[in-house]
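Thanks, everyone, for making the time this morning. I would like to walk you through one model, so please have a look at the structure on the screen before I go on.

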Amino acid sequence: MAYHDELLQQAKDLVHRNPNNPTQADLRRSVSSAYYALFHLLIFEACLNWSNDISRRGLARMFDHGVMKKVSKKVTDASKMPYAGEDPVVVDKLRSFAGLFVQLQEQRHEADYNIKDAWTLTQSLKEMLAANRAFVIWQEIRTEKISQDYLVSLLIRPRE
Amino acid sequence: MRDNGLVYVPTGFVNQAQLAQNVNAAIRSLSPQEVVRVAYSIGNDSTDDPAIFFRIVLTDAASREDRLADVTGRVTSTLFNSVRPIENWGLTPYFSFRSFSEQRMRNDPEWS
């Protein structure tokens with residue numbers, strides 16, 4: 001099983017561990033694992049395109065959460081990324097995927113750092129399901145040109 | 001810090017009254033069988049970009065795990081497509097969901 005698949009499975013296990021009385025640690029770590037599952041899925045997919053096996057580990061270290069979020073936000077904005085002439089079904093799916101990435105990164109930040117607000121089972125379940133949905137969408141569009149372009153763009157800080 | 005004060009976004013100040021009108025119209029189109037209430041606030045997200053944070057309380061029936069993905073997807077799409085927070089307001093939307101029972105137990109004013 002690939003690392004990103006293990007992380008998604010961990011998110012599912014943690015959120016289901018004690019449904020009648022879930023701990024804050026399980027709920028928050030589930031959200032964190034759900035985000036990191038998506039983060040590592042994208043790194044894995046991008047590195048598959050790098051033919052030099054030895055350099056892949058180095059390439060994987062180049063990904064930056066902030067840049068990935070900025071790029072993904074841009075993809076969700078039709079005025080900045082109109083994708084003219086592209087298949088609208090694929091474009092919609094890529095926008096949905098990018099939106100889920102942005103949402104999950106923000107929720108991961110809340111889950112890991114905001115101790116003031118307690119998490120509920122529904123909140124954590126929803127984020128785990130969002131990551132699961134993103135995995136499904138990605139499988140449907142991963143070979144499309146705009147998806148491959150998106151992978152490359154995740155390494156490049158977008159201009160403001 | 002998230003609040004509903006004036007928030008500066010790249011395209012100018014958010015007109016809170018106009019935004020509220022827009023959001024309330026979107027909320028009215030949600031199914032009462034699924035959604036109990038929607039609260040929202042404007043602030044900055046973790047990367048300091050202007051954002052709108054929706055907090056949605058679902059009915060207990062709509063919060064069941066076998067329905068949650070469908071329901072949250074539908075509610076998110078309705079709010080996103082009606083409000084168009086990115087294109088119309090320069091705000092990145094975020095959506096959090098709780099069940100009615102969870103909110104009743106916690107009585108969190110931000111969700112009321």
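This is a predicted model: local features need pLDDT of at least 70, side-chain atom pairs count only at pLDDT 80 or more; totals for chains, interfaces and linings use all residues.

The axes of α2(A) and α5(A) come within 8 Å of each other and cross at roughly 145°, and the crossing is left-handed. On the α2(A) side the residues involved are Arg28(A), Val31(A), Ser32(A), Ala34(A), Tyr35(A) and Leu38(A), and they meet Phe101(A), Leu104(A), Gln105(A), Gln107(A), Arg108(A), Ala111(A) and Asp112(A) of α5(A). Sorted by class, the residues of this contact come out as 7 nonpolar, 3 polar and 3 charged.

As a general remark, in soluble globular proteins nonpolar side chains tend to be buried together. Which residues touch the most other members of the largest nonpolar core? They are Ala11(A), Ala34(A), Ala37(A), Leu38(A) and Ala131(A), in a core of 42 residues. The elements of chain A that give two or more residues to this core are α1 (3–16), α2 (24–48), α4 (65–76), α5 (88–113) and α6 (121–141), and among these α2(A) gives the most, with 12 residues. There is also a second, separate core of 23 residues, which includes Ile42(B), Val57(B), Leu79(B) and Phe95(B).

Staying with α6 of chain A for a moment, Glu140(A) is found in that helix. Is Glu140(A) buried or partly exposed? Glu140(A) is partly exposed, because 14 other C-beta atoms lie within 10 Å, and a residue would need 20 or more to be called buried. The C-alpha atoms of Glu140(A) and Leu121(A), which are 19 residues apart along the chain, are separated by 29 Å.

Let me turn to chain B, where helix α1 (residues 16–28) and helix α2 (residues 65–83) pack at an angle of about 145°, with their axes 9 Å apart; this crossing is right-handed. Here Asn22(B), Val23(B), Ala25(B) and Ala26(B) in α1(B) meet Thr78(B), Leu79(B), Ser82(B) and Val83(B) in α2(B), and the contact has 5 nonpolar, 3 polar and no charged residues.

Finally, the two chains together: 19 residues of chain B are in contact with 19 residues of chain A. On the chain B side, the elements that give two or more residues are α2, α3 (85–89), β6 (92–99) and α4 (100–106), with β6(B) giving the most, at 7 residues. By class, that side has 6 nonpolar, 7 polar and 6 charged residues.

As for β6(B) itself, 8 of its 8 residues are buried. Thr92(B), Tyr94(B), Ser96(B) and Arg98(B) point one way from the strand, whereas Pro93(B), Phe95(B), Phe97(B) and Ser99(B) point the other way. Strand β5 (residues 50–58) of chain B pairs with β6(B) in the parallel sense over 8 bridges, and within that pairing Ala51(B) stands opposite Thr92(B).

Technical notes:
Residues are numbered from 1 along each chain as its sequence is written. Chains are lettered from A and ligands numbered from 1 in the order in which they are written. A nonpolar core is a set of buried Ala, Val, Leu, Ile, Met, Phe, Trp, Tyr and Cys residues joined through C-beta atoms within 7 Å. A residue is buried if 20 or more other C-beta atoms lie within 10 Å of its own, exposed if 12 or fewer, and partly exposed in between; C-beta atoms are placed from the backbone. Helices (H or I, at least four residues) and strands (E, at least two) are DSSP runs, numbered from the N terminus. Axes are lines fitted to C-alpha atoms, for helices over the stretch in contact, and angles run from 0 to 180 degrees between N-to-C directions. A crossing is left-handed if the near helix is turned anticlockwise from the far one by less than a right angle, and right-handed if clockwise. Two residues are in contact if their C-beta atoms, placed from the backbone, lie within 7 Å. Ala, Val, Leu, Ile, Met, Phe, Trp, Tyr, Cys and Pro count as nonpolar, Asp, Glu, Lys and Arg as charged, and the others, Gly among them, as polar. Two strands pair if DSSP finds at least two bridges between them.
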